[in-house]
Amino acid sequence: MDFLTLTLELFRNADHFIMYIAQTYGWWVYLVLFMIFYSETGIVICAFLPGDSLLFIAGAAAAAGALNPWLLIVIISLGAILGNTTNFYIGNWLGNKIYDGSISYEKHGGKTIVLARFVPIVRSFAPLVAGAAKMNPLRFELYSGGGAIVWVGGIVLAGYLFGNIPFIKNNLSLILVVGILAALVPFSCALL
């Protein structure tokens, strides 16, 4: 499978993508997943990567015996934490060039960093803005790390527990789309 075809599989059939990488390249699958989650959270232009669905599918692949679920949680969490840290310091470096200071991160910044983990696209921008807003780095890392572990652990374990149930496995694409839409509902209601 060439690189372009493999990349398309990531978006069309993430379950086939993970199984192919695991079967063909063995432990390299962990490095690939690390890089995907590092990129999604650390490089704003990679916000389109399928984070939540990929976590669930990775959990289902672990239940099928292709991956170690605990190693998966540790490695992806590290990728997500390091990605957020990178994005935070990029925001810190850019500062006023990207942020006018209109939102204070002192009162609700920690909650924002944790909750942003569960919202596609927002999870890529929240650490950038936190850095530009000069959020305390230690406080940022505490919330970023905690949020990453809860996000990754929760969704991987959900995939591990439920991903191989026949109804879910046969309707995985639909369930993942509904899950993404459900995650966006509270934020779209807040905008109204």
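**Stop 1: helix H3**

Select Leu31, which lies in helix H3, residues 28-42. Helices here are DSSP runs of H or I with at least four residues, numbered from the N terminus. This is a predicted model, in which local features need pLDDT of at least 70, side-chain atom pairs count only at pLDDT 80 or more, and totals for chains, interfaces and linings use all residues. Residues are numbered from 1 along each chain as its sequence is written, and side-chain values use heavy atoms, with hydrogens and water left out.

Leu31 counts as partly exposed because its relative accessibility is 38%. On this scale, buried means under 20% relative accessible area, exposed over 50%, and partly exposed in between, with a 1.4 Å probe and protein chains only.

**Stop 2**

Move to Ile45, in the loop between H3 and helix H4 (51-63). With 70% relative accessibility, Ile45 counts as exposed. Select Phe125 as well; 80 residues separate Ile45 and Phe125 along the chain, and 9.7 Å separates their C-alpha atoms.

**Stop 3: helix H6**

Which residues of H6 are buried? Select Tyr105, Gly109, Gly110, Ile113 and Ala116. Looking down the axis of H6, you find these buried residues within an arc of 145°, so they line one face of the helix; the arc is taken from the directions from the helix axis to the C-beta atoms.

Key. Helices (H or I, at least four residues) and strands (E, at least two) are DSSP runs, numbered from the N terminus.
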